[in-house]
Amino acid sequence: MSPSGRSQVLFLVLLSLSPRTMLSRHIEEDPPSDGLYSLLGLEQKSESEDFIFKRPLRCLDMLATEGHFTFAAAAEAPHQLACAAFVIGEPDEVIGLELSDVDVDCDAGDFIKIFDGWVLKGEKFPSSEDHPLPLQRRYTDVCSSAAAARATRSSQNVAMVFFRVRNPDSGFTLVVKKLRNPFPCNVMSQSPEGSFTMVMAHQHRNCSFSVVYPVEIQLTQLSLGHAKSNQLGPKARLSSGCRGSGDYVEVLGGNGVDTSHMFPVADLCFPLIGLAQMKIGCDNSVVRLVSSGNYVNRVSFRYRLLRRDRLPEAHENAVDNVCNVE
């Protein structure tokens with residue numbers, strides 16, 4: 001499936017999580033009490049490297065391709081409240097965003113804000129615990145005098161643009177570029193199936209890989225500096241007491257995107273026998289690597305959509321479902 005197709009599937013999943021709707025109404029820390037997003041249809045667009053892809057930017061949009069996306073306020077919608085564009089790349093990409101042809105009336109209440117990450121149902125991805133920047137530095141406000149530049153780069157493969165433009169024919173153009181990231185950390189997956197390896201070398205930092213689907217996760221390799229092993233070895237255990245070690249992997253499940261609000265499925269800080277297999281029937285499933293900075297830590301895993309007809313038999317390292325699979 002193309003990136004455009006995967007992003008449409010992910011977008012529909014995010015919007016169809018009723019009654020646990022994940023979409024936040026506002027990115028600001030003090031959201032207004034009014035305002036709801038309108039669900040607008042998504043059209044699959046062809047991709048080519050031979051030309052600059054251009055199309056209108058919808059009030060509620062998901063962008064997974066490079067290109068120019070132009071928003072123009074409509075005369076029939078003068079009371080438009082709040083809009084949001086979610087931008088996503090491949091796991092090994094970061095997002096470059098640039099605003100051009102900006103025509104908004106900040107004094108009248110219009111705004112354009114760029115957020116380094118995503119906000120869904122008031123929760124942020126990556127969480128404040130996992131992001132390298134303090135929260136205030138993750139915002140770029142076009143209407144603020146402190147925002148000297150209208151170009152920014154995300155720290156991970158997702159970014160968000162939140163805006164309100166109400167004067168007819170006013171608007172802006174958002175330029176999206178994908179940039180290669182040789183050391184990906186904090187990833188939102190577009191697909192419910194795949195594999196990934198997270199590596200953290202001598203950095204005191206946490207990395208999360210998030211899949212916004214119920215999935216079965218299998219850890220295939222775990223290498224933690226203090227464990228003195230690069231392969232899954234004979235002293236396996238799933239533990240709830242690894243947090244004091246400073247270097248461990250935890251698997252989380254929940255119905256939001258902030259890892260600090262999710263349910264712990266398992267902590268792993270020792271080598272394992274065979275595969276560590278976990279079935280997580282939640283809206284969101286996360287593998288999180290916590291590193292003290294003293295070692296080179298590595299975890300490899302694969303994941304696939306959790307369906308009733310594919311539920312495997314329990315094995316010795318299996319962990320039962322955390323959430324109900326509806």
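Begin by selecting Cys242 and Cys269, which form a disulfide with their sulfur atoms 2.1 Å apart, a disulfide being a pair of cysteine sulfur atoms within 2.5 Å. Cys242 lies in the loop between β16 (215-223) and β17 (248-254) and Cys269 in the loop between β18 (263-268) and β19 (276-280), so the pair ties together parts that are 27 residues apart in sequence. Strands here are DSSP runs of E with at least two residues, numbered from the N terminus. The torsion about this S-S bond, in the link of Cys242 and Cys269, is -70 degrees, which is left-handed.

Before moving on, note that this is a predicted model, in which local features need pLDDT of at least 70 and side-chain atom pairs count only at pLDDT 80 or more, while totals for chains, interfaces and linings use all residues. Residues are numbered from 1 along each chain as its sequence is written, and side-chain values use heavy atoms, with hydrogens and water left out.

Next select Cys59 and Cys83, joined by a disulfide with an S to S distance of 2.1 Å. Cys59 is buried, with a relative accessible area of 8%, and Cys83 is buried at 1%, where buried means under 20% relative accessible area, exposed over 50% and partly exposed in between, for a 1.4 Å probe and protein chains only.

Then go to Cys106 and Cys143, whose sulfur atoms are 1.9 Å apart in a disulfide. Here Cys106 is partly exposed, with a relative accessible area of 31%, and Cys143 is likewise partly exposed at 28%.

Now display the open sheet of 5 strands, which has the order β1-β3-β12-β5-β10 with mixed pairing; two strands pair if DSSP finds at least two bridges between them. β1 (54-56) and β10 stand at the edges with a single partner strand each, so one side of each is left without a neighbour in the sheet. Within the sheet, β3 (residues 67-72) and β12 (residues 171-180) run antiparallel and are joined by 6 bridges, and Phe71 has Phe172 as its bridge partner in β12.

Ser154 is buried, with a relative accessible area of 6%, and its side chain reaches the backbone nitrogen of Ile95 at 2.8 Å, while the backbone oxygen of Gln156 lies 2.6 Å from a polar atom of the Ser154 side chain.

Finish at Asn284, in strand β20 (residues 284-290), which is buried at 0% relative accessibility.

Conventions. A polar contact is a pair of N or O atoms within 3.5 Å; within protein, one must be able to donate a hydrogen and the other to accept it, and residues adjacent in sequence count only if both atoms are side-chain atoms. Helices (H or I, at least four residues) and strands (E, at least two) are DSSP runs, numbered from the N terminus.
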